Amino acid sequence: MQPARLRCEYLTDPVGVDARSPRLSWELVESDPSHRGAAQSAYRITVRRLDRDAQAQRPTTGAGKQGAPHAARSTAAPGAIVWDSGKVSSPQCAHVACGGKDLAPCGAYAWRVRVWDESGAPSEWSPEARWTMGLAQEGPRSLPRFCWAGPRLSETWNELESAPSPYLRKSFTLTAPARRAVLFASALGLYEARLNGSRVGDALLTPEWTDYRIKVQYQGYDVTGMVREGENAIAAVLGPGWYAGQLGMGHHFLGITRGFYGRIPRFAAYLLVELADGTETVVTTDASWSYTTDGPIRGADILDGETYDARREIDGWDQPGFDDTGWKQVSVVTGPRMVAQAAEPIRITQDIAPVSMTQPAPGTWVFDMGQNMVGWVRLAVQGLAGTDVRIRHAEVLTDDGMLYRDNLRLEAARPHAGARQEDHFICGGGESVFEPHFTYHGFRYVEVTGLERAPASWSLVGRVLHSDAPEAGSFECGNPVLNRLMAAIQWTQRGNMLGIPTDCPQRDERLGWAGDITAFGQTAIFNRDMAAFLARWLRDLRDAQTADGRVPDFAPHPYDSDMRFSGNPGWADAAVLVPWRLYQAYGDTRVLEEAFDSARRWVEFSLRQNPDLIWRDHGTCTPLYYGDWLNADTFVDIPGLPRKGGEVPKEIYATAFFALSTQTLARMAGVLGRTQDEATYGALARRIRAAFMRAFVTKDGRIKGDTQAGYALALNFDLLPVGLRRKAAARMVAALKPYKGAPSTGIVSTVPLMKELVRWGYVEEAYRLLNRREMPSWIYMLEHGGTTMWERWDGWVEGRGFQNPRMNSFNHYAIGSVGEWMWRVIGGINPDDAAPGAESFIIAPRPGDALSWAKATHRTMHGPLSVEWRLEDGSFALRITIPPNTSATVIIPGATASDVTEAGLPLARSPGVKVLPRRPEGCALRVEAGLYSFVASPRSFAATRRRTG
Ligand code: BGC
């Protein structure tokens, strides 16, 4: 067994770590496929300092005039071991806090680990991994207070149009070759940093969106190979971004176009160079930098797009030796608190070629990317200097083949409202390639006008960008349509993870809606490693919690969360439910520690508002809670379906969340060893459940409103006494009838419905919903042009056309939370809630419909876990791999232990397998880590299918 995939704070070799004692994790790889029960019994970690020891250096600030590079003698040699854990007897392979004391700001560390297996045999040492600490908050190795450099005046400010981008630069000299160079950079606005003519790193839209009144993230880059002895140039170009540009819904609710946090983009940088001669040079942003706004980016906005004028390109502006006479001197001001970016950056992860090109009107070229995607396009053009090439983006086409832009919320009366999603490229003459910098678009179709001649189809490439959280698995099954559905869900996830989890990527909204990610969170976790991304976003959520405990409906919250958009059940509960999910998936107790106080304040707020324990509409404080958003009652003109009666009454919905969050808070308290809180909130949760029963549930299990959603939520949140559950499940199934077997559920209750159908034995009913082709259904979306999930079930309907264009995105993940169901039920992979952090899984595939095979792999904290099942001639074959340090409960559907073999042997003779008492769904086994091949005899499996079907 070998340790592999070493990560620090979930990231591979991160540069810029704020955590004082960074946590180290590794996976375990067992190379012998026949070995069972592989487990770590001990580990040893060593950490070595790579840079020179700052303790041994003289202070490096204050030397020379402001802004001049300064140097100090170093005496300590790099390479010293700063922490040796010694051999620690423990199975822990995730979140081991580095025990090295006083890790130095900007210090670089290398670490390795070796492990001992369950028999005490040691592994080799792993290869070394690295991390670099972030900046200090103050003192040496921190940015000076006045470091935010930008244009001097707001002369270029205009609320209606984005201003030209500032280009900033500075030359500096290194007296010797660099041994190590690290750059920490950030902006109020967006930046692209450059060193000696080259782009630094590949992160985009940095520093991403936070509430800049509270904090701004900085990014770290190893730039050792980019600097050289002699003269160097450091430079940056800025865009307004979320800081000074337009923000979702600003127009609609505040009447403000842009400049929510500030007007002038600014840059902050700290470049630390360790020289081969033992000295150190630091370059920071200060008044010695110069800038111009006469560069090619004439305007850039997240929602509107970018205008690039190639005639204004400035040769060599980011190179040493450039003559910047005529450039102005920057002004420097103080800025907000800085935090290291603790998650994967936004990057381009894929390029896609268009599948077709049409000319629906003379001179208007429309490219179909074949996929609703998020990012921008790169366009190669040839044009006379001054030719304005316009590139517009949309998700769908109208009947005449032109872009459908109505759902971008553009308004004739208010020309600056909406998201224009329009880039302009003003040609410089000759051939050139255009790509924007400080915007992003949600689109499948790209319209290009202004070209002198027809473009070649290869001239345009779609560049897909999103937060680059690593893929966490793969899913495939015997039904190609379901594979397309999973792919569409995954595309939707990618397109809506841009620094924060957004609702949509196209219209002027793009906000971090908390209800959507609460619904979609587990699907997201199955698809990608969301640990760092979501833990970071939760901090944004808490940043906007009000003093009285209301959690915002979205985060960051650029508006006043005391006034609007906060405290909505199902949305605010993200503060409790999302950390809990992360803990379940990654075993991360720090997430719970960070979340506990805020989660408690939300539950306490709910209690103060609702002392009789039933959530009611309270007007001003929580003006209108969304409820089970976009349920069947919101359908427009759909003949054959009831017009009302699909929506679960809001009090039921909200009280259900009140109970769930309170119960979850009690569990959190239990994990954190807060016994008093555990008892208090456990008791409160019981009282809420009792109040729920009294207010809404009859003795024979009928829930007020008689909706699918009401039953689904009550069952899924465990609000009903044992004796009523089966009856409630039967009523839930009966509630499908008025809808002719369709779901009437909204974004919150659809997956609870799917899960509870399976839990109560209605497996075929659940598959029927999944495979349904008529509206409302997932397949309807796919069969009507969808390559991502739609915001609304009835976003577009045959015969009727589009839903209300003011709220009709075709790239919205919430309804796609059925992905979780597919991973669990088809893939058979279920995290074991009783043993978080991949300690144990429940492997329980539930074949249904005509599905004959599925294959799913999920990367856990301990390593990849895989499940593959196949129905052949009526027999059920299940092949699973459980990573070291993990065990699993396996349920073989419909089987009895005596009908099952493993690797051709009866179960009793199979090492690592323990037979458990049979469950109603099938034969239950407990297995240790390893690879297993089970086969269940045809007789038993066929019998179960009859029973549950
Ligand atoms: C967003 C949703 C969000 C909702 C809140 C919409 O405009 O797009 O996804 O959750 O508002 O009700």
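The points below take the helix packing, then the aromatic pairs.

The model is predicted: local features need pLDDT of at least 70, side-chain atom pairs count only at pLDDT 80 or more, and totals for chains, interfaces and linings use all residues. Residues are numbered from 1 along each chain as its sequence is written, and side-chain values use heavy atoms, without hydrogens and water.

**Helix packing**

- Helix 7 (residues 589-609) and helix 8 (residues 650-671) have axes that come within 9 Å and cross at roughly 140°; axes are lines fitted to C-alpha atoms, for helices over the stretch in contact, and angles run from 0 to 180 degrees between N-to-C directions.
- That angle makes helix 7 oblique to helix 8 (under 35 degrees is roughly parallel, over 145 roughly antiparallel, 65 to 115 roughly perpendicular, the rest oblique).

**Aromatic pairs**

- The whole structure holds 40 aromatic pairs (ring centres of Phe, Tyr and Trp, its six-membered ring, within 6.5 Å; planes under 30 degrees apart are stacked, over 60 edge-to-face, the rest tilted).
- W513 and Y626 pair edge-to-face, at 5.7 Å centre to centre and 75° between the planes.
- This pair links distant parts of the chain, 113 residues apart.
- Both W513 and Y626 are buried (under 20% relative accessible area; exposed is over 50%, partly exposed in between; 1.4 Å probe, protein chains only).
- W790 and F810 also form an edge-to-face pair, with 5.3 Å centre to centre and 90° between the planes.
- Both W790 and F810 are buried.
- Ring pairs link a cluster that includes F260, W513, Y626 and W629.

Definitions and conventions. Helices (H or I, at least four residues) and strands (E, at least two) are DSSP runs, numbered from the N terminus.
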